Amino acid sequence: MEDLQIIKFMKKISTLMYISFALWIVIVIMQLVIGLVTIPFGYGVGTLILMVYNLIGCIRYFKNIQIIKNYSTPNEALYCVKYFEGTIVMCWIFMFLNLILGGFIGFIGNLYDLILAYYVKSKKKEFLMHFSEIQ
């Protein structure tokens, strides 16, 4: 992959990450509403705690988008692949936790993130080939 292709790929990845970010913001808003409605029954406390956890995750994710969208070198591309490879296990874990606990939209959010992570990982060989060509 040439540097221009890397720039285009990182823009594509950041766009896909913005979609994930928007999905998780919707989840946070839903958790807020459900948490406030169900707080008298005790269920809302747990939902609000999960909402705060997801909101913190969204803030971190947004910061990562801002960094990744400016990547343009093979070295940065490999770092991006490493970042996404590191998210795969957690995506699987939280995807199944959401499935078991009835968090269907959280399951969808984690599934989307998992597909994105595997997509980026699939480009690793192209980045490695380009990286070895320039050394």
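Lys-123 counts as buried, at 18% relative accessibility, where buried means under 20% relative accessible area, exposed over 50% and partly exposed in between, for a 1.4 Å probe and protein chains only. This is a predicted model, in which local features need pLDDT of at least 70 and side-chain atom pairs count only at pLDDT 80 or more, while totals for chains, interfaces and linings use all residues. Residues are numbered from 1 along each chain as its sequence is written, and side-chain values use heavy atoms, with hydrogens and water left out.

Lys-123 forms a salt bridge with Glu-126, their closest N and O atoms being 3.6 Å apart; the term requires a side-chain nitrogen of Lys or Arg within 4 Å of a carboxyl oxygen of Asp or Glu. Glu-126 is partly exposed, with a relative accessible area of 29%. The structure holds 2 salt bridges, and Lys-124 forms one with Glu-85, with 3.2 Å between the closest N and O atoms. Because Lys-124 lies in helix H5 (residues 124-134) and Glu-85 in helix H3 (residues 74-101), this pair ties together parts that are 39 residues apart in sequence; helices here are DSSP runs of H or I with at least four residues, numbered from the N terminus.

Turning to helix packing, the axes of H1 (residues 3-38) and H4 (residues 104-121) come within 10 Å and cross at roughly 165°, the axes being lines fitted to C-alpha atoms over the stretch in contact, with angles from 0 to 180 degrees between N-to-C directions. H1 and H4 are therefore roughly antiparallel to each other, a term for angles over 145 degrees.

Terms used
Helices (H or I, at least four residues) and strands (E, at least two) are DSSP runs, numbered from the N terminus. Angles under 35 degrees count as roughly parallel, over 145 as roughly antiparallel, 65 to 115 as roughly perpendicular and the rest as oblique.
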